[in-house]
Amino acid sequence: SSRIWTTARRTITIVGVPLIPVVYWQYWSQNDRKEHQEKIRENQANRVPNVQTVDDLLMEHVLPGDVILFDRRSQHCQTALAALACLINRKFLTSADDENNLDVIKGKFDHVGVVVPHPASDAVDAEKYILEFTAGDGVVARPLLSRLELSRSRSILLLPVCLPGEQRDPNGSDYIESEKSKAMRAKLTQKLNQFRDATIRTSQQNGFGKLHSKLSIAGSIFYAMNIHDRFSLPVNPSSWLVVSALQAAGAGADVEERGALNAKPGDFLRDHRFYEGECVRLRPGWRFMRPVAVRENSR
């Protein structure tokens, strides 16, 4: 019995001691998230009526199909496993190009979502939602403005998608569309609606929320080892979802067998004319516009 007790004490020491900071961090993180949410709700309640914020003005020019990129803080992730996945993503899936690209905000973008229509309204001015693959909840669609306000990310980018024959300025009121582009925009919205509903339903049925962090870790490590092509797993689950959405909506080019599976957040910011295989390609005539800063290096 003495030997058993000694073995038990050693096991508790080996396993339990490293868990102490993890448990403390989990407790701190949950309280911090609750305090932040309460602060945002208080700010929303104290807003001056009929006065728009900068985010409100930006939301007026966001359209379904636009892409949102996040440079996240790992310490504010939902769980310890999600924080680990975030750290590994930033280590293996981001590069010096992401930091040194003069056309965009400096940052290591490790998460991405796509703007989709309101689930219960077809009105043009209806509130926009963001579809993303998350830890814990799986694939979800949430109000875009609330999602941006609650985010603790260092930097957030809006990457507008422009259709053939369409002219738009996300920073202003200029928006010109032809009859052809108007019909294409309506078709894009319809297909994004269908993709959103089908993907959320599949996520709920298959428990994608429990798989997200594990897929993220495995995908990043396999990519770093250059063996990701051997597995039918996404390198980055959030990027896979967004590229799949764009392809399903008729905007993304489906020219590579593993195009969606190999996608990474930084690939959305690279021009296909200069990067071979390390970019997200759209169909001919479609294009990503210059990124717009939603938040820049917020501390």
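**A conversation about the model**

Modeller: The side chains of Asn236 and Ser239 are joined by a polar contact of 2.8 Å. Please keep in mind that this is a predicted model.

Biologist: Where does Asn236 lie, and is Asn236 buried or exposed?

Modeller: Asn236 belongs to the loop between α7 (208–224) and α8. Its contacts, leaving aside neighbours within four places in sequence, include Asn89, Asp110 and Pro265. The relative accessible area of Asn236 is 1%. Since buried means under 20%, Asn236 is buried.

Biologist: What distance should helix α8 span, and how far apart are its end C-alpha atoms?

Modeller: Helix α8 covers residues 237–248, which is 12 residues. The expected span is 1.5 Å times one less than the number of residues. The helix should therefore span 16 Å, and its end C-alpha atoms agree with this, being apart by 16 Å.

Biologist: How many of the residues of α8 are buried, and which strands does α8 lie across?

Modeller: Of the 12 residues in α8, nine are buried, and the helix is mostly covered. Among these buried residues are Leu241, Val242 and Val243. The helix runs at about 30° to β2, and the strands it lies across are β1 (67–71), β2, β3 and β4.

Biologist: In what order do the six strands of the open sheet come, and which are the edge strands?

Modeller: Strands of a sheet pair through backbone hydrogen bonds, either parallel or antiparallel. Here the pairing is antiparallel, and the order is β4-β3-β2-β1-β5-β10. Each edge strand pairs on one side only, and the edge strands are β4 (138–143) and β10 (292–295).

Biologist: Which residue in β3 stands opposite Val116?

Modeller: Strand β2 (residues 111–116) and strand β3 (residues 129–134) run antiparallel and are joined by three bridges. Opposite Val116 stands Tyr129.

Biologist: With which residue does Glu132 form a salt bridge, and is Glu132 buried or exposed?

Modeller: Side chains of opposite charge can pair when their charged atoms come close. The partner of Glu132 is Arg142, and the closest N and O atoms are 2.6 Å apart. Glu132 is in strand β3 and Arg142 in strand β4, 10 residues apart. Arg142 counts as partly exposed at 28% relative accessibility, whereas Glu132, with a relative accessible area of 0%, is buried.

Biologist: How many salt bridges does a search of the whole structure find?

Modeller: One of the pairs is Asp267 with Lys264, at 3.3 Å between the closest N and O atoms. A network of salt bridges also links Asp71, Arg72, Arg90, Asp110 and Arg154. For the whole structure, the number of salt bridges found is 13.

Methods: Residues are numbered from 1 along each chain as its sequence is written. This is a predicted model: local features need pLDDT of at least 70, side-chain atom pairs count only at pLDDT 80 or more; totals for chains, interfaces and linings use all residues. Side-chain values use heavy atoms; hydrogens and water are left out. Helices (H or I, at least four residues) and strands (E, at least two) are DSSP runs, numbered from the N terminus. Buried means under 20% relative accessible area, exposed over 50%, partly exposed in between (1.4 Å probe, protein chains only). Two strands pair if DSSP finds at least two bridges between them. Contact means heavy atoms within 4.5 Å. Axes are lines fitted to C-alpha atoms, for helices over the stretch in contact, and angles run from 0 to 180 degrees between N-to-C directions. A polar contact is a pair of N or O atoms within 3.5 Å; within protein, one must be able to donate a hydrogen and the other to accept it, and residues adjacent in sequence count only if both atoms are side-chain atoms. A salt bridge is a side-chain nitrogen of Lys or Arg within 4 Å of a carboxyl oxygen of Asp or Glu.
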